[in-house]
Amino acid sequence: MTSYLVRRVAGALVILIIISAITFYLFYAVPRDPARAFCGKICQPETLALIRHNLGMDEPLFVQYWHWLVGIFAGREFVQFGSCPAPCLGYSFATQEPVFSAIVDRFPVTLSLTLGASVVILAFGILTGMIAAWKVGQPLDKIASSSSVIGASLQIYFVGPLLAFYLVDTMQLIPRPSYVPITENPLDWFTHLMLPWVVLSIIFTANYTRMTRSQMVEQLAEDYVRTARAKGMSSRTVFFRFAWRGAMIPIITIFGVDLATLLGGAIITEQTFSLHGIGELAVRAVQNTDLPMLLGVTIVGAAAIVLLNIVVDVLYAFIDPRVRLS
Amino acid sequence: MTTVSWSGEPGTSRGPGPFLSVRDLSVEFSTEDGIVHAVDGLSFDLEKGTTLGIVGESGSGKSVTNLAILGLHDPAHTKIGGEIWLEDQELISADRGTMEKLRGNRVAMIFQDPLTALSPFHTIGRQIGEVYRKHKGASKKEARDRAVEMLRRVGIPQPETRVDHYPHEFSGGMRQRAMIAMALVCDPDLLIADEPTTALDVTVQAQILDLLKELQQQFGTAIILITHDLGVVAGTADNVLVMYAGRAAERGTVREVLREPRHPYTWGLLSSMPRLNSSVDVPLKPVRGTPPSLLNPPSGCPFHPRCDYPKLAGPELCFNQRPSISPETGHGDACYLTLEQKRELRTAKIEDRA
């Protein structure tokens, strides 16, 4: 188990390095010059050269990338910003703030948004999917199935402002979404994030309803489930202990991917509710041609995916004894 | 137990009737294409301590019949008619709770493919033990001890360690043994084995069949053995029921049916079987044609499209009228040919192969 984890984490690091290298080179493949943006309207060639030098952009690409990579593990020195201790992801071209601390500042927002929404999504998705599978073909199934399709076809930027208008402005039931650190005031943290959670779950729950339903229906038709019934197990036992066990695996797989995607930045949700999370950081980095910031958020998103993949694989082994971690 | 009144069919007094009695069973599935008549007017009896072999092609209704005995059909899409009596309990009209108490306890089933029929997520010991816990109210410890005992009884070496293994850690034959252990854990009165050896190789087949026989002698279990292999029937069963298109084609003791088969379909089954003493150059004769569609079963005798002799019984008889099995008891078959004709044809058809 330990050696498995060590190997998987090492593999994950390699993947992250490759992803960062690709991002780095792609950035320069786009004909936009961040140095020119700094330079202003009347740009003297000498000024441009100086800016380039200060940003480290006058060196060959692989040297620049090497400096960036070494900085993560050993820290690095900048001409204009001074020393940047490890893990150093450089300084933002646009705001001159250290990328690492910008991400650390924003991450709790994204994390709160994602985890809170996940709880709601999983709870409702699995519950409604179970109900639909239990009552397959009956009215309750049809209601659950069709409402999930409606939910899936809605868009955050439509439902978000709509619900905000009614629940926040008109009825004043909940406060306007913002981020209050949970350490500061757990209740405010909760109430201020309620709306984004609800909106995210309206969109995502549908997937889990559908998947839980179809997986349960499939599992209930399996031979071993029939055996369980032939042994005299009650319908409830068959449903929850036998069929559910098999249905869990694909659900966990998709959940791992969804969670990672959200952790890498729920861009639209954050924009819709003006939450200052990783997603917002990513949007700004692209707008500003801000290479260090862009690399930073890319790495966070990629790391979320790779790490959650490992978590999902380990969970497989717990659910299904046929899966060996090797 | 309360006395259940008999359904008042004229002339059916059960008295101390057979242990299991299936009367005029019909099973229909509603599908998108129409109604499938999977079993149509099937009757048979089974006594304690004996084995009934049910033989027939795929789709002849063997498994459907036995799933009906256990009440395992999905009631939303299935219509079941007739009666199934297990001693003084009617099973078709029994409620869910009654059936749940019965399954795995008095009536147990062994399925064809032990790999898919065992839960991959639970240990063998747990899967055996939970039946015992459910029906006998045993504690976890007792259930585990019982599981070890059952594994030992079906001949699994080192049952104390094997009990904690998962099905994928067992070989095919071992899995089927574990399946049998699971079926027998509550000492059932009736054991339904649905092609228990089909997924196994031949040497293991023989071991499993011997095991079933041995356990039957010990506990007096009644066994229904579903198979398409007449060889298995010959070695294991006391009585045989040959099924065709959801109906009984022939019924009798193993000796009667295999030695003096009367129904042309039974002849076909027998002559499609390889024999050790026949020349390898003589090709096997399969039953020509394909099993009939149960959506639109043929008129008259369901076998007539594949039968070589429908004209012999009269000009229109086989095409228009459905034969029922006769005589009522003993060696019977559902065919309009006279006994004399059958004897002659059989001699010509089967015995010239030898």
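**Figure 1. Contact between chain A and chain B in the predicted model.** In this predicted model, 18 residues of chain A are in contact with 22 residues of chain B. On the side of chain A that touches chain B, the elements giving two or more residues are α9 (223-230) and α10 (235-263) of chain A. The largest share of that side comes from α9(A), which gives seven residues. Sorted by class, the side of chain A that touches chain B holds seven charged, six nonpolar and five polar residues.

**Figure 2. The open sheet of chain B.** Seven strands of chain B make up this sheet, and their order is β6-β7-β8-β3-β9-β10-β11. The pairing in the sheet is mixed. At its edges are β6 (107-110) and β11 (332-333) of chain B, each of which pairs on one side only.

**Figure 3. Strands β6 and β7 of chain B, with helix α7 of chain B across them.** β6(B) and strand β7 (residues 190-194) of chain B run parallel and are joined by four bridges. Within this pair, B:Leu190 of β7(B) is the residue opposite B:Val107. Helix α7 of chain B, residues 172-184, lies across β6 and β7 of chain B. The helix runs at about 170 degrees to β6(B).

**Figure 4. The two assigned domains of chain B.** The domain assignment places residues 110-187 of chain B in domain 1 and residues 259-353 in domain 2. Taken over C-alpha atoms, the centres of domain 1 of chain B and domain 2 of chain B are separated by 42 Å.

How values were computed. Residues are numbered from 1 along each chain as its sequence is written. Chains are lettered from A and ligands numbered from 1 in the order in which they are written. This is a predicted model: local features need pLDDT of at least 70, side-chain atom pairs count only at pLDDT 80 or more; totals for chains, interfaces and linings use all residues. Domain bounds come from an automatic or database domain assignment. Two strands pair if DSSP finds at least two bridges between them. Two residues are in contact if their C-beta atoms, placed from the backbone, lie within 7 Å. Axes are lines fitted to C-alpha atoms, for helices over the stretch in contact, and angles run from 0 to 180 degrees between N-to-C directions. Ala, Val, Leu, Ile, Met, Phe, Trp, Tyr, Cys and Pro count as nonpolar, Asp, Glu, Lys and Arg as charged, and the others, Gly among them, as polar.
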